[in-house]
Amino acid sequence: MSLKVPKANNIQLFKDGYKHLQGLDEAVLRNIQAVNELSDLVRTSRNKLLINHLGRLFVTSDAATIIREIEVVHPAAKLLVMASQAQEAEMGDATNMVLILAGELLKKAENLLIMGLHPSEVIKGYELASIKAQAELEKLPTIDLPSPLTQSSLAQALKPAIASKQYGSEDKLAALVAEAALSIMPPNPKNFNVDNVRVVKIMGGSLAGSRVVQGMVFGREPEGTVKKVKKAKVAVFTCALDISQTETKGTVLIKNANDMLNFTTGEEKQLEKIFKEIADSGVQVIIAGTTVGDLAMHYLNRFGIAVLKVLSKFELRRLCRVVGATPLARVGAPTPEEAGLVDVFETIEIGGDRVTVLRQLGLQDEGYDPTSGEKTRTATIVLRGATSNHLDDLERAIDDGVNVIKSLMKDPRLVPGAGASELELAKRVDEYGSSLRGLAQHAVKKFSNALEVIPRTLAENALGGAEGNEVLSRLWAKHEQKGGETWGVDIEAETDGTLQADKHKIYDSLAAKTWAIRLAAEAANSVLSVDSIIMSKPAGGPKVPQQAGHWDEDD
């Protein structure tokens with residue numbers, strides 16, 4: 001007979017204010033519940049209206065924007081957010097797939113845990129299934145982007161990614177992104193830089209009025225009288241172009257009229273000397289990061305120097321890279337190394353608005369100098385739209401499209417889209433699970449069930465819940481047939497809600513899918529491996545005093 005030693009009840013391990021949750025019910029299942037809420041939030045394709053902590057309004061269905069603007073505080077849900085952000089940084093697309101798939105994996109794991117499986121068995125099964133799914137993804141029928149790239153083939157590859165954000169406008173947006181990307185594509189496409197495709201939003205008009213402008217476009221006119229310069233030397237200043245203020249206050253005693261007339265002459269001569277030095281150094285364009293004084297503007301106009309204000313430091317940094325200039329924190333003539341060069345500086349009109357364009361000439365442009373070496377070239381997509389919210393959403397769709405190009409330059413392989421690849425993977429992973437022994441096989445089969453969530457979500461969003469189940473049943477029947485691995489969801493339901501993705505040219509990036517499956521499995525396993533949550537008391541200052549009620553209110 002063993003001796004039972006009673007436990008002490010009042011052992012205090014942590015300071016007051018700490019929360020300690022442990023065990024299956026308190027920690028694991030509660031974490032799964034929190035993750036499911038986040039996953040369900042981004043699962044529908046309908047727009048969400050968000051108001052962030054600064055009071056800024058967003059109307060979007062973009063998962064990356066939603067998780068960036070809502071402050072998720074639950075630690076388990078934060079793990080999913082970090083996985084989604086890793087996907088955004090690596091591929092720029094399929095962030096929603098990470099959230100939905102990880103949420104579904106945890107939902108399926110919940111059933112196994114309640115039935116009595118240990119989390120370590122589920123994690124082992126999910127790891128095996130993830131490796132198998134990634135290996136099978138490589139074996140699916142793939143196509144490569146044609147080389148050399150053409151605008152039509154690139155636009156075709158971008159349409160599915162853009163349609164997920166702006167359904168109905170994908171043809172126009174994909175054409176704009178493809179045109180902009182090809183115009184600045186470097187000789188080695190793997191060096192494609194997403195920063196060289198910019199977006200400028202001009203209110204008014206409609207999306208049909210949007211176009212691509214070669215060069216950097218700024219939504220304002222130059223400050224002075226000079227509006228157009230070619231083959232110009234550029235100086236970039238981050239300091240104010242004005243008379244410098246003294247640090248101390250002083251009193252000036254003026255005794256006669258001459259003193260009054262000569263009072264500002266010294267300052268004017270000093271300023272004229274500085275701008276004459278700048279003009280003598282060959283500078284024809286000045287980019288100002290802050291204010292330009294009236295007197296400085298007078299001398300710059302006299303010397304025929306164009307002035308453009310660029311108040312965003314990000315735009316200023318990008319502009320410096322394009323023209324090859326160094327930003328200066330002092331007013332004075334730049335050295336030859338600090339000055340940049342721009343081929344064309346001009347003001348044009350877009351939809352009634354005057355904008356300034358800075359452009360470097362390319363091989364196909366008239367007046368291109370082949371001895372000048374390779375320059376950083378930019379293209380700007382000028383978006384037109386009725387409301388600022390709509391323009392912001394269009395910009396996010398374009399950002400996704402540009403990032404898809406970047407990932408396709410690294411890995412040009414494309415797999416069938418419309419949920420066809422995920423359903424085929426689900427079928428193959430399920431077969432793999434049936435061949436395994438031990439408890440891990442249950443988790444592998446649940447992983448294959450979870451992969452169904454992508455075609456199911458597509459069908460439910462487009463056709464409704466009841467019809468979505470019917471479509472999924474038809475897809476399973478078609479995938480069981482030989483050569484049926486390209487059947488996916490027809491969101492327009494022209495026939496029976498299914499279509500062959502390859503015949504309709506609906507393709508997704510293979511690399512983006514591989515990363516999404518890997519990150520979703522890792523995020524789900526991270527949540528399952530947690531067996532206790534310890535939260536300290538949040539740090540903070542004194543509490544905000546309670547406001548007294550209105551004197552006229554009834555008790």
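The largest nonpolar core of this predicted model has 61 residues, and those with the most contacts inside it are L38, L101, V122, Y126, F447, I517 and L528. A nonpolar core is here a set of buried Ala, Val, Leu, Ile, Met, Phe, Trp, Tyr and Cys residues joined through side-chain atoms within 4.5 Å, where buried means under 20% relative accessible area, exposed over 50% and partly exposed in between, with a 1.4 Å probe and protein chains only. Helix α17 (residues 510–528) gives the most to this core, with 12 residues; helices (H or I, at least four residues) and strands (E, at least two) are DSSP runs numbered from the N terminus. F447, leaving aside its neighbours within four places in sequence, is in contact with L105, Y126, A129, S130, A133, V429, I517 and A521, contact meaning heavy atoms within 4.5 Å. A second, separate core of 35 residues includes L158, A181, A397 and L414.

Residues are numbered from 1 along each chain as its sequence is written. In this predicted model local features need pLDDT of at least 70 and side-chain atom pairs count only at pLDDT 80 or more, while totals for chains, interfaces and linings use all residues, and side-chain values use heavy atoms, with hydrogens and water left out.

Strand β2 (residues 48–51) runs antiparallel to β3 and is joined to it by 4 bridges, two strands being paired if DSSP finds at least two bridges between them. I51 has L57 as its bridge partner in β3, and in the hairpin of these strands, with 5 residues between them, G55 takes a positive phi near 85°. The two faces of β3 are set out below.

| Face of β3 (residues 57–60) | Residues |
|---|---|
| Covered | F58 and T60 |
| Uncovered | L57 and V59 |

In a regular strand the side chains alternate between the two faces of the sheet.

P160 is found in helix α6 (residues 151–163) and, not counting residues up to four places away in sequence, touches I506, Y507 and D508. P160 and S509 are 349 residues apart in sequence and 9.8 Å apart in space, C-alpha to C-alpha.

Of the 22 residues that line the second largest pocket, the closest to its centre are D195, V197, R318, E395 and D399. α12 (388–410) is among the elements that each supply at least two residues of this lining, and α12 gives the most, with 7 residues. A pocket is an open set of points on a 1 Å grid over the protein atoms alone, where a 1.4 Å probe fits, with protein on both sides within 12 Å along at least five of seven lines, and lining residues have an atom within 4 Å of a point.
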